[in-house]
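I opened this notebook to keep track of what I looked up, one topic at a time.

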Amino acid sequence: MTNLGRGKARTALAVSAVAVLGVVAACGSNDSGPGTSGDTAAKVEINRQAAGDITTHGGAKRLAGDQTQAIADSIQRSTAKNVILVIGDGTANQELTLARDYEWGAGGKIPGIDELPLSGDYTTYALDKTTKKPDYTTDSAASGSAWATGTKTYNGAVGVDVNGKPQRSILEIAKANGRKTGNVTTTELQDATPAVQVAHVSQRKCYGPVATKEKCSSDALENGGLGSITEQLIAARADVTLGGGWKTFQETATAGQYNGKTLEVQAKERGYRIVRSGSELDAVSTASQDEPVLGVFADGNLPRVWDKATATKEGGREPAVTCAPNPAFGATPKLASMTKKAIDLLKGDKGFFLQVESGSVDKANHDADPCGQIGETVQLSEAVSAALDFAKQDKDTLVIVTGDHAHTSQIIEAGTVTPGLTRTLNTKDGGVLTVNYGTSLDPGEEQHTGGQVRIAAYGPGAANVVGLTDQTDPFFYITDVLGLDREKK
């Protein structure tokens with residue numbers, strides 16, 4: 001994968017490879033079967049690190065030579081047994097560039113993410129609930145619902161269309177077709193991105209029976225609805241579900257078969273194996289519909305791996321800081337370890353669909369916290385590397401990496417004082433970098449922005465991400481790549 005500043009050139013290269021060397025490879029005519037010698041993409045090494053001393057002629061270039069054959073070799077069959085969709089919440093080009101510059105250097109590469117051979121961009125707009133016209137800045141609920149269900153919707157909606165009608169998700173369809181399924185996040189399991197694969201509610205804050213009664217009463221079980229997000233998560237019965245949000249599992253059901261019982265008790269009575277720590281997760285060796293695994297490692301969101309360094313109004317004048325580990329992270333499972341465990345529990349003859357989210361890139365961005373944000377982007381990188389390592393060995397897995405929406409952080413001239421909030425950081429290069437948050441003067445209130453977002457992929461069907469697509473497109477090509485019957489119940 002090239003650096004983000006060369007996006008157009010790289011897209012042109014990928015398209016050229018498809019045109020010159022034949023779209024037939026992407027359409028399945030080179031289908032030698034899983035794990036056979038006909039699949040050469042696992043041997044392709046995409047090294048997008050700068051060539052050498054960036055001050056010399058050619059030192060900053062990232063291409064080692066003509067890439068046509070490498071890209072062609074990465075266009076495999078159009079069917080796969082497994083799909084791993086990795087989401088960086090609130091992670092667009094600026095967030096990736098910030099993390100690369102700080103942690104790996106301007107000429108460095110983000111492991112995993114910068115090794116994906118094919119990339120493009122997708123549009124992210126939502127819909128206005130009243131007018132049905134475009135809402136140009138999406139939230140995570142509408143954006144997640146778009147890729148999960150193939151249907152545009154309004155901000156705040158989880159798995160329903162603009163009229164409130166439930167839309168089936170990739171995870172639900174994959175399960176109906178006999179595939180194993182997983183849902184992994186660093187946020188609360190009830191948060192928008194994990195929720196869109198397992199729930200259908202009119203308002204994203206309807207985590208449990210209490211909030212559902214207050215915020216979306218028509219969705220409550222006692223009113224004939226499908227229930228809160230957590231109740232629907234339990235009913236959806238993914239084989240592996242890992243994240244935070246334990247507090248909501250202590251709420252009590254107010255209707256239905258489990259009326260009067262906590263959601264934790266309900267999960268146990270419905271056969272879930274509940275694990276609460278990394279060591280307990282390590283001990284798990286199987287996950288199935290007979291005993292699905294529910295790992296919940298925090299009352300709310302999982303703590304961030306790096307400590308806060310909140311931007312301020314005077315951040316451009318303040319000394320540069322170096323990010324530090326977050327003492328509160330402790331023994332919390334890292335996203336990469338959860339991803340590896342989920343893959344290990346899901347892999348097998350049936351094939352699987354797995355969604356993985358690094359959710360607090362977004363949350364740190366809202367907080368105007370560049371160190372927290374970069375640390376969660378590092379977690380994203382590590383999770384992508386775990387997925388890519390498996391896919392290269394398996395040779396029958398599509399890995400897709402993207403963000404759900406753009407955000408507010410911007411890299412600006414070092415030391416600049418702006419009307420927004422800024423923080424200056426010491427970088428890997430030995431320089432300083434200033435990041436600005438300009439949509440609010442209050443940390444915690446920074447807002448999303450409406451830009452298109454990068455999407456990249458490796459494996460069978462990866463060519464579908466090339467060029468400009470929409471956020472609804474992944475629903476269709478993921479279900480097609482997996483060979484799923486979208487109507488199967």
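Which residue in β13 is the bridge partner of L425? I looked it up and found L433.

I noted that this is a predicted model, in which local features need pLDDT of at least 70 and side-chain atom pairs count only at pLDDT 80 or more, while totals for chains, interfaces and linings use all residues. Residues are numbered from 1 along each chain as its sequence is written, and side-chain values use heavy atoms, with hydrogens and water left out.

**The sheet.** I followed β12 to strand β13 (residues 432–437) and found them paired in the antiparallel sense over six bridges; two strands count as paired if DSSP finds at least two bridges between them. Helices (H or I, at least four residues) and strands (E, at least two) are DSSP runs, numbered from the N terminus. I then saw that three strands make an open, antiparallel sheet in the order β11-β13-β12. β11 (409–412) and β12 (421–426) are at the edges with a single partner strand each, so one side of each has no neighbour in the sheet.

**Helices on the sheet.** I found helix α4 (residues 93–104) packed on the sheet, where it touches β11, β12 and β13, contact meaning heavy atoms within 4.5 Å. Helix α14 (residues 370–394) also lies across β11, β12 and β13.

**Helix α9.** I checked how covered helix α9 (residues 229–236) is, and seven of its eight residues are buried, that is, under 20% relative accessible area with a 1.4 Å probe, protein chains only. Among the elements that these buried residues pack against are α6 (170–176) and β8 (293–296). After α9 comes R237, with a positive phi near 60°.

Notes: Axes are lines fitted to C-alpha atoms, for helices over the stretch in contact, and angles run from 0 to 180 degrees between N-to-C directions. Buried means under 20% relative accessible area, exposed over 50%, partly exposed in between (1.4 Å probe, protein chains only).
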